[in-house]
Amino acid sequence: MSRFSSISSQPAAVVAAGALAIATIAVLGLVPHAAGVGAVLADVLLCAEFAACMTMFARARTTSRGTRRALFTALALASAFAIIGRAAWTIVYVATGHAPQPPYVEAVTGIALQLSAMVGFAMALTRYRHQNWMRFEAMVDALLLIAAAAIVISQISAFPSAATSAGAAMRLVALGWNVLGVANLILIVLVLVWRGEVLGTRLAFGLTAGAVALGLANYIYGRVVLLAGGAFPTSTGILWSLAILFVAATIYEPRRNAGAGQDSIESPTYNSDAARVRTFSIVVAILIATLSASMLAFRRGHSVALGVALAAFGVLLAMRAGHALWTHRRTTMVLEHAAIAEREIASLLEQRVDARTAELAEAHRVMQRMWTLGQQIALELTPERVLRRFIEAAMDVLRVDGGAVGLMSGDRIQVAITAGLDGAPSIAGRSFAVSGSAMGRVVRTAEAWWTADAPRTPASEEDLPVADGARAVVVIPLQRRGECIGAIMLVSRASRTFSETEIAHVEAMADLLSVALANADLLETLRKAEWRFRTLFRVAPDAVLTLFASGRIAEANDAVRDILGLYPAQVVGRTLDEFVIESELERFKTEFQNVLGGRPTRLELHLRHEASVRVVAVAARLLPETDPPMILMLGRDMTAEREMRARLAETERLAAVGELVAGVAHEVNNPLCTISAFAQLLQRDGGMTPDQRESVDIIASETMRASQVLRDLLTFARRSESESEKIHLNELIERTMRLRSYEMTSLGITPEQALAAELPMVQGDPRQLQQVLLNLVMNAMQAMDSLGGGSLRIATRRDDDRVLIEVQDSGPGIPIDARAHVFEPFFTTKRDGTGLGLSVSYGIVAAHGGTISIAHTGPEGTMFRVTLPAMEELEVREQSAPVAAAVPASPLSGIQMLFVDDELALHRGIRSYARRRGFDVVTVPDGATALDAARRSRFDVVVCDLRMSGIDGPAFYEVLRREHPSLAMRTLFITGDLVSASSRAFLESAGQPVLAKPFDLERLEVSVASLLREAPAAV
């Protein structure tokens, strides 16, 4: 570094102080003192120089500690006093044109300046951190020298001088200047001897030179200015500037060691320098005392102050000499023994410190690597990356060349990851038996194992040759909660041993790895659990919502769309109050507050759903351990269920009505059967007049008409499983229209049927299709009811491979906004409608492979069109054969029939018909009588009613089958009840033919003849 760069690197205050000192010296040396401008300029430069010096010491104070800090603080304060004194001198000189006489301000500030410096030097000299007794010795030495200097200066000042014109006060001030200057010089010498290692070489030299220059300047200033009242000496200004220049040049050391700016140990040392100082102090004090005595001999006067000073000096000299002699021997012996012991201890401590430092450096490296590993695996979420980070850290800690990690998989060790040596990937992904591998051995024993020379190891371990060139191998177990989950194998190309400390380090890292792997597994489990929860949350059939305490919706699943008519994203952020109808809002708020209080609740709410209202069953409870509190709410749409309940109730009611109708129909069919039988007998009477025959024909036809209506009603009311069969659509339509003929007549509706003559048959369930026809007919009747009547037209026709049914009314038509919704469930335009008729019809027709649609609607009426797949077979309408004039012979001639029925009026008709047709019949009113008759007589066939008092038809048949099995097989059942489940179940199990009441007598005759032909002959 060049000299210029060295100067430029110093602080600005130091550079300014040095520059101003040089400038002041130049002005004082080159400009004549007589010139007033030169004197003022020199005074201004001195003020600026003192200001820069104060700034320099203040900055040095902030960057120093201990002794240096105390010294710089005192010097900065001394510089401040110098500024005040010199500035006062300059102001007076500029204002008056001559120097102040006498200069009291500068004199007082000068004394304060030297006192501040003396305090700083004394603090630097006496500042120790221990062994406080040394402070007393240093203070005594300083006081001895200062007292000696005061004596000398006092004696010199006591001699009269021709140049002295000052008063007593000013002479006393001058004496103080000189005494304090010498005292500071002495204190600096002592500081350099005892405290030189703290100040440094450069600063010690600068302070010494500056103190000498300052002492000379003060002596001259005191003699010339203070005592003689003369002008300010140029030499004084030059010496002041030199003192500042010396300090500025040495206050900072560019290449000081790291500890130079701080306190040293500051313990007193007993070396040759200290001994010389003490000797010097005593010798100087004695010389001063001798000089003082000689000077008193030559003085003409006596001084009381001088006598007192000499007495005090003698006392202090005696104390110092006695104490020095007493402590010298003690300290010398102690230090001799201490020096020897200190050298031995220092040597031992150096060795231990070196070893311990190496251990601590290695431990710090391992701890740093483990800390880095912890930071790395804390951020990893996959086991593979955790294992990669771990094996790299383990290789770094043990300073090995490669390694592998194996994890337990069943009864084998699976190598999960390898790293390092070129051959290490050869075992990557392989598995080894626990009983035949080094890692398996460690897993079994849960203890680390190592070898310094793997190729020469006698044990035959499958995983030992982990890589080419591997010699030293160490295997360390991986444990989790006391269970070995695997092992880590570390290998080195060089043969080496592994210390217990190194293995312990890797085991500690292995514990960290097991925790990280457990956390990774838990995180993966948590991720899967969250995924399952989210999936269940979204696909849950019920609406699931979470709400804040304010009622605002936090989360919602997809099912909320079915309840509120909005997507989840549209619902989140809104309050549930917005969807509750006004009449239930207060109840909802009350229950909501109860839930917030920790009480679960269940209630039904009516929630708005677009333009409609849905009935929702709500279950709500407070979620535990949530901050802020949240409520879980489950909602199930009960609208359809309520409608279904109402529908089921209606169905049950209709079923009950059906049962009632079945019972009534049975009771009505019995008399109808009797009326029909006698009407048929009368029709065969040839002696009636035409009018009588017409009346009998009307009776017979109306009887059959009433029977057909009952039969159709029973067919519709019958509940059974869906049955597929060939259906005559025209007959089905006629039967359906007969069921509603009376109601249509009462409403003023004119029915019209346009049925195709040769219509293909269809395959399906006649009851379901009849329900579709009834729904369409009922809708048409209700549409025309408001008009007071109209016309209802049902037409059938064939359209290629389809059969079309068209139901047309003359009603007001379907509103435009309702046409798109007529087939939707629960949609209705009627005040008391259920909204299920057309939707059920739509499902039935679709199940049959057909379609149902609105063919036309408007003010003139509405037409519904039903299409069904057509069969190849055509309908054949049975034509009623006219009564032949010549009646053929009966196929039952000569047989014996047992007729069992509880209708006694029917007995007479059957007997009359049997006599006319030439066969015998025995009529009985119940099953018990019939069994007695069968036991007494032989019968060819039995015709039996199902429902009778006492023993009914099924009970009679069971006994007959046991006693007369052949006669049981020739049994024909008649009944007016084909709707009850018990009757249909019995008929299906018995397998015997059945004839519905009322029946044609000819049909009875044909049925019995057919049964006799198919059944076995009586034995």
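User: In the hairpin of β1 and β2, which residue takes a positive phi?

Analyst: Gly410 does, with phi near 70 degrees, and two residues lie between the strands. This is a predicted model: local features need pLDDT of at least 70, side-chain atom pairs count only at pLDDT 80 or more, and totals for chains, interfaces and linings use all residues. Residues are numbered from 1 along each chain as its sequence is written, and side-chain values use heavy atoms, without hydrogens and water.

User: How do I read the pairing of β1 with β2?

Analyst: Strands of a sheet pair through backbone hydrogen bonds, either parallel or antiparallel. Here, two strands pair if DSSP finds at least two bridges between them. Strands (E, at least two residues) and helices (H or I, at least four) are DSSP runs, numbered from the N terminus. β1 and β2 (residues 412-419) pair in the antiparallel sense over seven bridges. Gly403 stands opposite Ala419 in β2.

User: How many bridges join β1 to β6?

Analyst: Six bridges join β1 (residues 402-409) to β6 (residues 483-492), and the two run antiparallel. Leu407 has Gly486 of β6 as its bridge partner.

User: What is the order of the open sheet of five strands?

Analyst: The order is β8-β7-β11-β10-β9, with antiparallel pairing. β8 (553-556) and β9 (601-609) are the edge strands, each pairing on one side only. Neighbouring strands are turned by 30 degrees against each other on average, direction ignored. β9 pairs with β10 (residues 612-622) over nine bridges in the antiparallel sense. In that pair, Glu604 stands opposite Ala617.

User: Which helix packs on the sheet?

Analyst: Helix α17 (residues 585-596) does, touching β7 (543-548), β9, β10 and β11 (630-637). Touching rests on contact, meaning heavy atoms within 4.5 Å. The direction of α17 makes about 135 degrees with that of β9.

User: How do I read the axes of α24 and α29?

Analyst: Axes are lines fitted to C-alpha atoms, for helices over the stretch in contact, and angles run from 0 to 180 degrees between N-to-C directions. Those of α24 (residues 904-917) and α29 (residues 1001-1014) come within 12 Å and cross at roughly 65 degrees. The two helices are therefore roughly perpendicular to each other (65 to 115 degrees; under 35 is roughly parallel, over 145 roughly antiparallel, the rest oblique).

User: Which residues make the contact?

Analyst: Ile910, Tyr913 and Arg917 of α24 meet Leu1001, Glu1002, Leu1004 and Glu1005 of α29.

User: How many helices and strands are in the protein?

Analyst: The protein has 29 helices and 23 strands.
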